[in-house]
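User: I would like to learn how to read charge pairs and the overall fold in a model. Please walk me through one.

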Amino acid sequence: MGKFIIKATKTGFTFSLKAGNGEVIATGGEVYSSIDSCKNGVESVAKNAPIANLEDQTVEGYETEKHPKFEIYKDKAGEFRFRLKARNGEIIAASEGYVKKDGCKNGIESVRKNAVDAPVVLPEE
């Protein structure tokens, strides 16, 4: 089972979603000003990931999907990445770079599966 890890930074709080094997499969889309707002970001990922459409922006003439959605795209280094957008279009989670598109799609499926009932681990006080 996966888990959300909330971490304190110099400017606020961030989160990452780890799979059962400990690999980070997605990180939050922003730095939050408080733990509560960061928890809201986690809840948004858990709620939107299972129902999000898939928009593959690496295919010519791709069809634009409604929010919430996962977008697959290529970064400047030519690697495949995904980002999860909420109903309002905000990026709420993003991935690392993948060499192959299949790896990126597997990452999306892992987020869909792990985000739903993942416990939240808060930073040490």
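Analyst: Start with one pair. The side chains of Lys 85 and Glu 71 form a salt bridge, with N and O 3.4 Å apart. Keep in mind that this is a predicted model.

User: What is the general idea behind such a pair?

Analyst: Side chains of opposite charge can pair when their charged atoms come close. The cut-off here is 4 Å between a side-chain nitrogen of Lys or Arg and a carboxyl oxygen of Asp or Glu. At 3.4 Å, Lys 85 and Glu 71 meet in such a bridge.

User: Where do Lys 85 and Glu 71 lie, and how many residues apart are they in sequence?

Analyst: Lys 85 lies in strand S6, residues 80-85, and Glu 71 lies in strand S5. They are 14 residues apart in sequence, so the pair ties those parts together.

User: Are Lys 85 and Glu 71 buried or exposed?

Analyst: Both Lys 85 and Glu 71 are buried. Buried means under 20% relative accessible area.

User: How many salt bridges are there by this rule?

Analyst: The count is 7. One of them joins Glu 55 to Lys 69, with the closest N and O atoms 2.8 Å apart. Glu 55 sits in strand S4, residues 53-56, and Lys 69 in strand S5, residues 69-74. These parts are 14 residues apart in sequence, so the pair ties them together. Glu 55 and Lys 69 are both buried.

User: Which residues are linked in a network of salt bridges?

Analyst: The network links Glu 55, Lys 69, Glu 71, Arg 83 and Lys 85.

User: Where is Arg 83 found, and which residues does Arg 83 touch?

Analyst: Arg 83 is in strand S6. Its relative accessibility is 18%, so Arg 83 counts as buried. Leave out residues up to four places away in sequence, and Arg 83 touches Gln 57, Lys 69, Phe 70, Glu 71, Tyr 73, Ile 91, Ala 93 and Ala 94. Take Ala 93 from that list. Arg 83 and Ala 93 are 10 residues apart in sequence, and their C-alpha atoms are 5.6 Å apart in space.

User: Which residue meets Asp 56 in a salt bridge?

Analyst: Lys 101 does, at 2.8 Å from N to O. This pair links distant parts of the chain. Lys 101 is in helix H2, residues 101-115, while Asp 56 is in strand S4, 45 residues apart. Check the accessibility of each partner. Lys 101 has 22% relative accessibility, so Lys 101 counts as partly exposed. Asp 56 has a relative accessible area of 16%, so Asp 56 is buried.

User: Which residues does a cis peptide bond join?

Analyst: The cis bond joins His 67 and Pro 68, with omega about -5°. Pro 68 is in the loop between S4 and S5.

User: Now step back. How many helices and strands does the chain have?

Analyst: The chain has 2 helices and 8 strands. Along the sequence, the pattern runs β-β-β-α-β-β-β-β-α-β.

User: How do I judge the overall packing?

Analyst: Compare the radius of gyration with the globule rule. For 125 residues, a compact globule would have a radius of gyration near 14 Å, and the chain agrees with 14 Å. Along the principal axes, the C-alpha atoms fill a box of roughly 50 × 30 × 25 Å. Buried residues make up 42% of the 125 residues. Among contacts with a separation of 6 or more, 43% are between residues 24 or more positions apart.

User: And the surface and total charge?

Analyst: The chain exposes about 7200 Å², and carbon and sulfur atoms supply 47% of that area. The chain has 19 positive and 19 negative charges, and their mean positions are 1 Å apart.

Definitions and conventions: Residues are numbered from 1 along each chain as its sequence is written. This is a predicted model: local features need pLDDT of at least 70, side-chain atom pairs count only at pLDDT 80 or more; totals for chains, interfaces and linings use all residues. Side-chain values use heavy atoms; hydrogens and water are left out. Helices (H or I, at least four residues) and strands (E, at least two) are DSSP runs, numbered from the N terminus. Buried means under 20% relative accessible area, exposed over 50%, partly exposed in between (1.4 Å probe, protein chains only). The radius of gyration is taken over C-alpha atoms; the globule rule is 2.2 Å times the number of residues to the power 0.38. Contact means heavy atoms within 4.5 Å. Accessible areas come from the Shrake-Rupley method with a 1.4 Å probe; for residues, only the protein chains shown count as cover. Lys and Arg count as positive and Asp and Glu as negative; His and the chain ends are not counted. The place of a charge is taken as NZ of Lys, CZ of Arg, CG of Asp or CD of Glu.
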